[in-house]
Amino acid sequence: MTVDRQDHYPFAEIDAKWQRRWDASGLFRVREEPGRPKYYCLEMFPYPSGRIHMGHVRNYAIGDVVTRYKRMRGYNVLHPMGWDAFGLPAENAAIEHGVHPAVWTSENIETMKAQMKKLGISYDWDRELSTCDPEYYRWEQLIFIRMFERGLAYKKSASVNWCPGCQTVLANEQVEAGRCWRCDSEVVPQQVDGWYFKITAYAEELLEWCDRLAGWPERVLTMQRNWIGKSEGAEFNLPIVGRPDLAIRVFTTRPDTSFGMTYAVLAPEHPLVDALLADPAERASVAAFRAEVARATEIERLATDRPKRGFRLKAGALNPFNQAEIPLFLADYVLMGYGTGAIMAVPGEDQRDWDFARAHQLPIIETVKRPPDWTGEAYTGDGVKINSGFLNGLTVGEAKRKAIDWLVEQGLGEARINYRLRDWGISRQRYWGAPIPIVYCPRCGTVPEKPESLPIVLPRNVQITGKGGSPLADLPTFVNAPCPRCGGPGRRETDTMDTFVESSWYFIRYCSPRFDGGMADPAAVHYWMPVDQYTGGIEHAILHLLYARFYTKVLRDLGFFKIDEPFQNLLTQGMVIKDGAKMSKSKGNVVSPDEFIATYGADTARIFELFAAPAEKDLEWSDQGVEGAFRFLNRVWRFVQAHRETLTRPVDARPAALSRQGRAFRRVIHETIQRVTNDIEEFHFNTAISAIHELVNALHAFAGDSLDRTAQEERHALLREAVDTLLRLLAPFAPHLIEELWSQLGHADSVFRESWPAADAEALERESIFVVVQVDGRVRTRLTVRPGTGEEALKTQALADGKVRPWLSAREVERVVVVPGRLVNIVTRGPA
Ligand SMILES: [Zn+2]
Ligand SMILES: [Zn+2]
């Protein structure tokens with residue numbers, strides 16, 4: 001970053017001075033004020049990795065603009081910050097460098113907090129919280145107990161994605177192309193005992209509310225809907241040939257295609273498989289097939305681009321719709337966790353089944369008439385039923401209903417809704433997390449802690465090796481615990497909770513972060529919640545947001561807070577990229593916020609990041625863009641310095657009537673207010689800043705050439721009005737510089753205690769507007785008319801105009817099209 005910066009404004013002193021003053025005056029410390037409108041502005045809290053990066057800066061700058069703006073609009077604005085402090089990197093650092101995760105984490109927090117303070121973000125630091133604090137996680141331990149009592153937290157054994165590198169369970173999204181997102185190890189399936197939250201009990205409500213979150217990006221709602229994955233269809237039995245005691249339950253979303261069933265498939269791990277095997281040879285082959293499948297993760301098994309492996313059983317099934325005998329397969333693309341773990345295969349109308357049928361030479365029957373130009377493989381569109389017995393001639397929708405009615409009549413099946421969403425596995429076999437408050441007692445079984453024994457504090461004195469599961473298991477003082485029910489010797493759960501549990505309620509804790517009577521003071525929660533504006537990265541579009549929504553609903557149903565949804569409006573900001581890639585250490589394209597601020601000051605960082613791209617789009621780093629932002633702020637600084645005398649001299653009386661030029665300038669001022677206000681309300685920060693740029697240009701022009709043309713008095717009044725407005729509009733974007741200029745102009749109090757400017761309707765009124773007149777599509781003149789001039793008057797004036805008449809003399813007017821306020825188009829016809 002080299003730049004000729006002689007003569008720039010003294011940002012270093014100004015930044016430090018105002019950060020100190022805001023802090024000392026408690027400008028951004030807030031409390032509940034019933035009766036005053038509130039606004040809760042929140043950015044996703046960071047993991048304390050050690051330093052903030054330009055992506056964080058962008059995220060926090062957005063929240064800061066909104067906070068300062070809403071405050072000037074009279075809202076009581078809550079803007080807190082804290083630390084998502086548990087998690088794997090701290091533990092990995094402990095393994096690599098021998099530093100305790102608690103020490104590593106708190107050192108990182110100190111560093112990052114100092115960086116944030118240098119950015120001058122308007123946080124209420126009194127509300128800072130850290131999720132690794134026992135006074136924080138004790139409340140989620142209490143909620144765990146309440147959930148356990150209601151069956152919303154339970155333990156089961158399941159096949160999970162296991163990272164041998166991190167020695168922990170990964171969620172599906174944490175597996176990228178079969179590898180761990182963090183350490184790149186190959187992920188393997190493993191059967192593990194663990195704790196689950198029953199989010200599936202909320203699938204329907206979570207889905208329904210997607211339709212009511214009008215302030216969320218449609219893209220995020222679509223991702224959430226797909227993740228929940230509701231499918232409606234039918235479940236019914238396929239009898240096994242020659243085995244009246246056995247039937248396979250299948251689920252299908254397309255019961256109308258049942259006549260096209262040419263085979264059926266069971267998940268290799270389906271519990272009925274063993275009963276279907278004919279002899280020891282088949283048993284051995286199935287065991288081999290199962291072992292082969294077990295080497296693939298769920299994600300690989302579901303991938304559409306890999307060959308579908310299958311094993312044909314000797315047993316066969318009967319299609320109850322037409323009594324046809326069909327072969328039975330085991331195949332890796334059917335999973336036990338979805339639906340019933342068995343499907344009827346209809347290759348005519350399902351591409352996955354089509355691929356499998358082709359690979360295994362199975363018949364394909366079409367049951368929907370194809371459009372005439374159809375050349376594809378499986379057909380999933382609408383149409384008329386064919387080859388389908390009593391369903392022939394119906395549409396797909398009609399046939400679905402009729403097929404279900406028939407299944408119910410025959411006592412074979414029923415209508416059924418399935419969800420792709422599965423319960424949330426919250427167990428982690430790791431140290432640096434919140435302990436799960438459960439004790440295993442040989443007499444009483446699985447027993448929750450007594451609430452009065454909370455918090456179950458994570459012990460400090462452990463050996464972290466990264467090998468063989470949770471190190472807590474090796475700590476007798478932790479593991480050996482009395483049974484909370486009978487007092488006998490018990491063994492404490494050594495798994496810790498997924499860190500997504502902590503981030504599912506931190507926004508509630510911020511409402512009263514020091515409250516010790518529960519998660520948060522209900523009065524404070526009911527004043528502040530829901531969050532009015534939530535800003536964060538698109539990478540959290542599914543899990544974090546879904547879990548936070550679920551947890552909020554659970555808290556409601558447990559009787560804690562009457563809140564249905566935590567986040568009213570959501571903004572997912574884009575990434576900061578440089579040279580075409582996301583900034584990262586490994587790519588060597590990182591711009592350090594510290595270095596940047598030392599070179600340009602905090603306000604340039606904010607202006608550049610907000611101006612360079614719309615908030616929700618990726619932002620490509622540009623040194624010229626940075627220079628432009630810096631020059632702009634210096635230009636504002638120099639203008640105020642140059643006109644300081646005029647700008648501080650009181651205005652005696654505002655002139656009664658402005659000159660023509662004065663009126664035009666005043667209109668620019670008030671149009672800018674309108675534009676900037678609307679843009680901020682819609683999070684179009686880049687266009688808001690460009691409107692302010694235009695105002696600064698107009699200000700220079702007016703100050704430069706107006707002396708001889710407008711009266712001194714008028715010029716003085718308008719300059720003051722313009723600069724006063726400019727500073728208020730720019731304050732949320734460049735708060736340090738503007739505070740300094742505001743105080744230089746003689747204001748004793750912070751600009752953030754001032755109100756946001758309001759556009760004056762009178763100033764916005766235009767005296768006259770131009771209307772273009774075309775004859776046969778070519779512009780011939782422009783009329784000067786009063787705004788609101790009617791169609792007839794425009795038409796008359798256009799036809800009578802001296803510059804138009806010659807073009808009409810030899811021709812006949814066929815018709816006249818008028819766009820009021822814009823255009824008159826006269827269409828003529830050949831020589832009369
Ligand atoms: Zn890993
Ligand atoms: Zn007991």
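The paragraphs below go through selected features of this structure, which is a predicted model.

Helix α1 covers residues 11–25, 15 residues in all. From its first C-alpha to its last it reaches 21 Å, close to the 21 Å expected at 1.5 Å a residue. The buried residues in this helix are Phe11, Ile14, Asp15, Trp18, Gln19 and Trp22. They lie on the same side of α1, because the arc they cover around the axis is only 125°. On the other side of α1, the exposed residues are Glu13, Arg20 and Ala24. After α1 comes Gly26, with a positive phi near 60°.

The next stop is the metal site. Which residues coordinate the zinc ion (ligand 2)? The SG atoms of Cys441, Cys444, Cys483 and Cys486 do so, at 2.2 to 2.3 Å. The angles among the four donor atoms run from 107 to 113°, and the site is tetrahedral. For comparison, the ideal angle for four tetrahedral donors is 109.5 degrees. Along the chain, the donors of the zinc ion (ligand 2) have the spacing C-x2-C-x38-C-x2-C. Two of these donor residues can be described by their accessibility. Cys483 has a relative accessible area of 3% and is therefore buried. Cys486, at 30%, is partly exposed.

Aromatic residues are the next topic. The structure holds 49 aromatic pairs. One of them is formed by Phe144 and Trp195, whose rings are 5.3 Å apart centre to centre with 70° between the planes, an edge-to-face arrangement. Phe144 belongs to helix α5 (residues 134–149) and Trp195 to strand β7 (residues 188–197), and the pair links these distant parts of the chain, 51 residues apart. Both Phe144 and Trp195 are buried. Another aromatic pair, Phe665 with Phe702, is stacked, with 4.1 Å between the centres and 5° between the planes. Phe665 is in helix α22 (residues 660–681) and Phe702 in helix α23 (residues 685–705), so this pair ties together parts of the chain that are 37 residues apart in sequence. Phe665 counts as buried because its relative accessibility is 5%. Phe702 is buried too, at 3% relative accessibility.

Phe144 and Trp195 also belong to an aromatic cluster.

His270 sits in the loop between β10 (263–266) and α8 (273–276). Is His270 buried or exposed? With a relative accessible area of 7%, His270 is buried, because the limit for that class is 20%. Leaving aside neighbours within four places in sequence, His270 is in contact with Arg290, Met336, Thr340, Gly341 and Ala342.

Asn569, in strand β23 (residues 567–573), is partly exposed at 27% relative accessibility. Asn569 and Gln533 are 36 residues apart in sequence, yet their C-alpha atoms are 4.9 Å apart in space. Not counting residues up to four places away in sequence, Asn569 touches Gly215, Trp216, Val531, Asp532, Gln533 and Tyr534.

A cis peptide bond, with omega about 0°, joins Leu454 and Pro455. Pro455 is in the loop between β18 (445–448) and α13 (476–479). Met529 and Pro530 are also joined by a cis peptide bond, again with omega about 0°. Here the proline, Pro530, is in the loop between α16 (522–528) and β22 (531–537).

Positive phi values occur in residues other than glycine as well. Asp184 has a phi near 70° and is placed in the loop between β6 (179–180) and β7. Asp776 has a positive phi of about 50° and lies in the loop between β27 (769–775) and β28 (778–785). At 37% relative accessibility, Asp776 is partly exposed.

Conventions: Residues numbered from 1 in each chain as written. Chains lettered and ligands numbered in written order. Predicted model: local features only at pLDDT ≥ 70, side-chain atom pairs only at ≥ 80, totals over all residues. Heavy atoms only, no water. Helix = DSSP H or I, 4+ residues; strand = E, 2+ residues; numbered from the N terminus. Expected span 1.5 Å × (residues − 1). Buried < 20%, exposed > 50% of the residue type's maximum accessible area, 1.4 Å probe, protein only. Arc of directions from axis to C-beta. Donors = N, O, S within 2.8 Å, 3.2 Å for Na, K, Ca; no water. Tetrahedral: all angles 85-135°; square planar, octahedral: opposite > 155°, others 65-115°. Contact = heavy atoms within 4.5 Å. Phe/Tyr/Trp six-rings, centres within 6.5 Å; stacked < 30°, edge-to-face > 60°.
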